[in-house]
Protein chains: 4
Amino acid sequence: MAVRFTGDYETSYTEGDNRHVLPTDTMKNTVYALAAVELGEPEAFGLTLGRHFLSRNPRLKKVRVAITDHAWRRLTSGDRAHGHAFMRRGPDTRTAIVDSAREDTTVIAGIDDLLILKSAHSAFAGFPRDEYTTLPETRDRLLATSMTATWRYRDAAIDFGSTWYAVRAALLESFAGHDSLSVQHTLYAMAQAVLEAVAEVSEIKLVMPNKHHLPVDLSKFGLENRNEIFVATEEPFGLIEATLARDRSGPRRL
Amino acid sequence: MAVRFTGDYETSYTEGDNRHVLPTDTMKNTVYALAAVELGEPEAFGLTLGRHFLSRNPRLKKVRVAITDHAWRRLTSGDRAHGHAFMRRGPDTRTAIVDSAREDTTVIAGIDDLLILKSAHSAFAGFPRDEYTTLPETRDRLLATSMTATWRYRDAAIDFGSTWYAVRAALLESFAGHDSLSVQHTLYAMAQAVLEAVAEVSEIKLVMPNKHHLPVDLSKFGLENRNEIFVATEEPFGLIEATLARDRSGPRRL
Amino acid sequence: MAVRFTGDYETSYTEGDNRHVLPTDTMKNTVYALAAVELGEPEAFGLTLGRHFLSRNPRLKKVRVAITDHAWRRLTSGDRAHGHAFMRRGPDTRTAIVDSAREDTTVIAGIDDLLILKSAHSAFAGFPRDEYTTLPETRDRLLATSMTATWRYRDAAIDFGSTWYAVRAALLESFAGHDSLSVQHTLYAMAQAVLEAVAEVSEIKLVMPNKHHLPVDLSKFGLENRNEIFVATEEPFGLIEATLARDRSGPRRL
Amino acid sequence: MAVRFTGDYETSYTEGDNRHVLPTDTMKNTVYALAAVELGEPEAFGLTLGRHFLSRNPRLKKVRVAITDHAWRRLTSGDRAHGHAFMRRGPDTRTAIVDSAREDTTVIAGIDDLLILKSAHSAFAGFPRDEYTTLPETRDRLLATSMTATWRYRDAAIDFGSTWYAVRAALLESFAGHDSLSVQHTLYAMAQAVLEAVAEVSEIKLVMPNKHHLPVDLSKFGLENRNEIFVATEEPFGLIEATLARDRSGPRRL
C-alpha cells in the first residue's frame, strides 16, 4: 500500500518547515486505525483514506492511495471448506488506486502479474525487414505475457468486487479466444472486450511484456522440433502497452 | 533446472586441463535434445539425464539434476476448457532432484513456496523468559508460512505424478486441521501425516519460515484490535526446519 | 537498455497489421551493430540510435533510448593498474535517456541507486500531531537514502562524461554538508547545488526514499541507546521527490 | 544476520512443548542489547553471541551466528573526509559465520558478491566434443564472475579486520594476474594464493558463477566483432566451486 500527497508543501523543501508535513509514521498509524473501523473492498478503503487525509491536511491538494490485494482461497477437505486455513491464490494480485482531490475523485482498479500463455493461434509475420533483421516469420508461436491492467471507473458508487471479477473474466476470455497476429493485436482485442462487457469501465490500459519463448533449433542434433521445445529468454523483450477509452473526448492519464 | 557434476576433475582445477570438462553449453544442448525425444514427469526426465551423463563422462561420479516445474492450468469458458490457453497456477512450484551415481540413484521430490495461513487454532506460549523477552504469550495468533518441502522416494519406479499430489494433499490437510502450539509442532504433524499417508516416501524435510503477522496496538488510538489488524513483518523471522525419516537406521541428507 | 517507439501504429493494434512494426529482435541487432561502429558515452550512443530509428521508420514520431551504465574500475597492484582486470564499482549506476523526435531532441542523464547516509546533522521535528501521531521529534537522527537523480541538459552538444561527474560531485558535496531539517529540505538543497554548480543542467529531479533507521528502545533492558543501535526497517517508508527547473517558464516532465 | 540453534528440542516438535524454545523475538532483542555493550568486528560479535546463547540455553548444542557487513566509506571534499557522511561501498559484502558448540568454536569469514572481470588472458578450449557440442573453442574470452568466498580461520584469536583485507587482496591480485584456462583453473589459483599468503586461513571455499558474456556474431550484418561486443546472458550459466584445505587430514565442511 502506498499513500502519495501532492500539495502546497514548498516551504518544507525550501526552508525545512515541517509544520504541514504529515509523517510517514502517522500515515501508517492512520491506515491501521481506519482499517480497524471499516475495511471493505480496497477501492472503498482508498476512498475512506482519501477523505480522511483531505479533511485533516489543509495544504493537501490531491492524495493517491494505492492498494495491492493478495488473494487467498480457503483450503478444502473433500467438499468441506476449512474455516480458518487458507492458501495464497496467485501469482496475480488485485490493485486499486484512488485519487482524491478537493473537487474530484478517480477510482482505478487493476490486475498485476497475471501470467497467461497461448500455445496456439498466435502468429507474428509481415513485419518490415532490413539488414539487421534475423527474426523468422512465424504462423504458430507460443505467446506468453505477465499482464498488468488498470482501468478507470465511470464513478465511485459501483459494486467494486463483482465488477473487478467481470473485467478479469472479459480479459481472460478474449485472450483465450483471440486469433493473435501480434501482442498488440491481442492487447487491443482484450481492452475492447472489457469496454464492451463492462459498462462501468470508461478507460483501460494494458501493459503486456512479450515473454519470448524461442523454439530451439534441434536440426544440428539431427532432431526435429515439433514446436515443443522452447527456451524462455529474459532479455531483450518487447513491452507492449496501450490505453483504450470509451469516449475519445475523455481520455485521461492512467 | 540445474545440473551438477561431481567427479575426478582435479586436473581441470590444478592444471587447466579441460579434456574431461563438459561445457555448460553442451549440458544445455543435451537437455533440449533429450527433452525433444521424451520429457515425461520431471523425476523421469531427471533419471534420463542422469543415465545419459554418466554413460558419456567416465570421470563423472555423481550427477544431480534439479528441476523446477511451474504449474499451468487451462483457462475455462463456462464448462469448456480452452485447448491452448493457460494461466499460471501458483505461487508454489513442483521440484524434483535426481541424484544419479554409478551404483545408486536417489529421487527427491518437493514443493517450493507454498504460501499457507491459519487465522485460528494457532498459539505460542510457555516459552522461556529472560531479561530480553518482550514477546507476549498468545493463544490465538495468525500463523503464515511459505513452506518448502522435499521428500525422498523409496525407489525410482513409482507413479511420480499421483504420488506428488498425494503428498501435497496430506501436507495441506494436516496444516489446516492441526491445533498448533508452535510452528515446530505443526511442521512435525505435517511431516508425520505424509509418512503415514504415502508409503512411497521414506524421508521428508520441511522448512517453514515464520512469516510473522504482529497484531497492531490500537489502544493508543482508543480502539480495540479484535485480532483483525496485523502488520506483516519481513525481519527478523523464525526459520523452522526438521527432517523425519520412516526408518531411524536409514536417514540420509535431504 | 530499453528502446521505446511512439508513433502511428494504430492499425497494428486494431487490425494486426505488422507492416510497420519493427521487431524487438531487430532493435536488439541494430543496437549491437551500431555499437560495433561507434559506442562512446551513453548519451552519444542514445543520440546515434535515435537518429537511426527515426530515419528508417516513417511512422515513428518519437523514440526513447534508455541506457544503464555499470561502472567498473581497474584492479590495482600497488601503484600499478592492471590492464585487463576490473571490479564493479557500485552499487550506483549511471543512466542516460535520449528522447529523439523529428524536430526535437532531449538528453537526460542520471544516477540510480546511490546509497548515502548521514549519521549526524539530520533532524525531523515540528511536524503536525494528531491522535494518530506516535513518532517522537528528533534533533539527531540517522538519515539514509538510495537516491535516484535525473537531469535534463540544456543542449546535446556538451561533454557528457565530465558533466556527469560534476553533477555527482555537487550532489554528494551538498548532501554531506547540509544541516538537514527533513529529507525534503536536503533534497532541495542538493538539487539547488546542482543548478548552481553545473550550467549545462536546465532541470533536475531527485527521488529519495527515506530508508528509516529507527533507534532501538534499550531502556527495557536497563541499557541506554547512545544513538548507536538502529533497526533498518523496510516498510513503511517515505518516498520524497521534487523537480527543480532553472527557468520557471520551461519546466518539462522528467 | 541470522542465528541458528541446533539442540535437544525434540519435544517442541512432537508435543508442542515450548519450555526450551527461545523466541525469535528474544534473539532479536538479545542482539540489540549485546551490540549496545560491545560490537567490534563481526567475527568477535559472533563469538560474544555464541557464548551468551550457550550459557543461557541448556538444551542448545550448537549455535551458528551469520553476519553480513555492508561497507560504507566516508564522503570526501577535496582532501578532507566528512565526519558523518558516508556512501555505500559495494556491491560486495563482508560475511562472518561463527559456529559455537560446548567444546568447539569455528570462525569462518567471507566475501559475498564480488563482481570481477578479466577482458584478456582468459581462454576455454580443449574440452570434449560430442554430437551436442556447439560451443566454439576460444583463446580470448571475457571472464566475469560474482565471487563468493568463505574461509575458516585456524583459531579465534586473530586480528579479524586486517586478515580479512589480506585475504581479499590475495584473491584480487591472483585473479588479475592469472593466465586463465578455465574458471576452475583461476578459482584454484585464487584459493591457493590465499593459503600461501595468509597463514591464519586453514581452508577456503570459492564459488564462482560463470557470468557468460557471449561475443555477438556481427558477420551477418557485414561487420567484424573485434572482441568488443558481448551479450551478457543470465541462463544457463556454469557454477564452479571448490574447497582447498591446507592440511588434507583436516578438511571440514564450509
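A crossing of two helices is right-handed if the near helix is turned clockwise from the far one by less than a right angle. In this predicted model, helix H4(B) passes helix H5(B) in such a right-handed crossing.

**Helix packing in chain B**

Two packed helices are described by the angle between their axes and the distance between the axes. For H4 (residues 160-177) and H5 (residues 183-197) of chain B, the angle is about 140° and the axes lie 8 Å apart. H4(B) is therefore oblique to H5(B). The residues that form this contact are listed by helix below.

| Helix | Contact residues |
|---|---|
| H4(B) | B:Ala166, B:Val167, B:Ala170, B:Leu171, B:Glu173, B:Ser174, B:Phe175 |
| H5(B) | B:Thr186, B:Ala189, B:Met190, B:Ala193, B:Val194, B:Ala197 |

By class, the contact of H4(B) with H5(B) comprises 10 nonpolar, two polar and one charged residues.

**Contact between chains C and A**

Chain C and chain A each contribute 39 residues to their contact. On the side of chain C that touches chain A, at least two residues come from each of H1 (10-14), H2 (24-37) and H5 (183-197) of chain C. H2(C) provides the largest share of this side, with seven residues. The residues on this side of chain C are 17 nonpolar, 17 polar and five charged.

**Surroundings of D:Arg64**

D:Arg64 is located in strand S2 (residues 60-69) of chain D. This residue counts as partly exposed because it has 18 C-beta neighbours inside 10 Å. Leaving aside residues up to four places away in sequence, D:Arg64 touches D:Arg4, D:Ile97 and D:Asp99. D:Thr105 is 41 residues from D:Arg64 along the chain, and their C-alpha atoms are separated by 9.8 Å.

Note on methods:
Residues numbered from 1 in each chain as written. Chains lettered and ligands numbered in written order. Predicted model: local features only at pLDDT ≥ 70, side-chain atom pairs only at ≥ 80, totals over all residues. Contact = placed C-beta atoms within 7 Å. Helix = DSSP H or I, 4+ residues; strand = E, 2+ residues; numbered from the N terminus. Nonpolar A, V, L, I, M, F, W, Y, C, P; charged D, E, K, R; others polar. Buried ≥ 20, exposed ≤ 12 C-beta atoms within 10 Å, placed from the backbone. Axes fitted to C-alpha atoms, helices over the stretch in contact; angles between N-to-C directions. Parallel < 35°, antiparallel > 145°, perpendicular 65-115°, else oblique.
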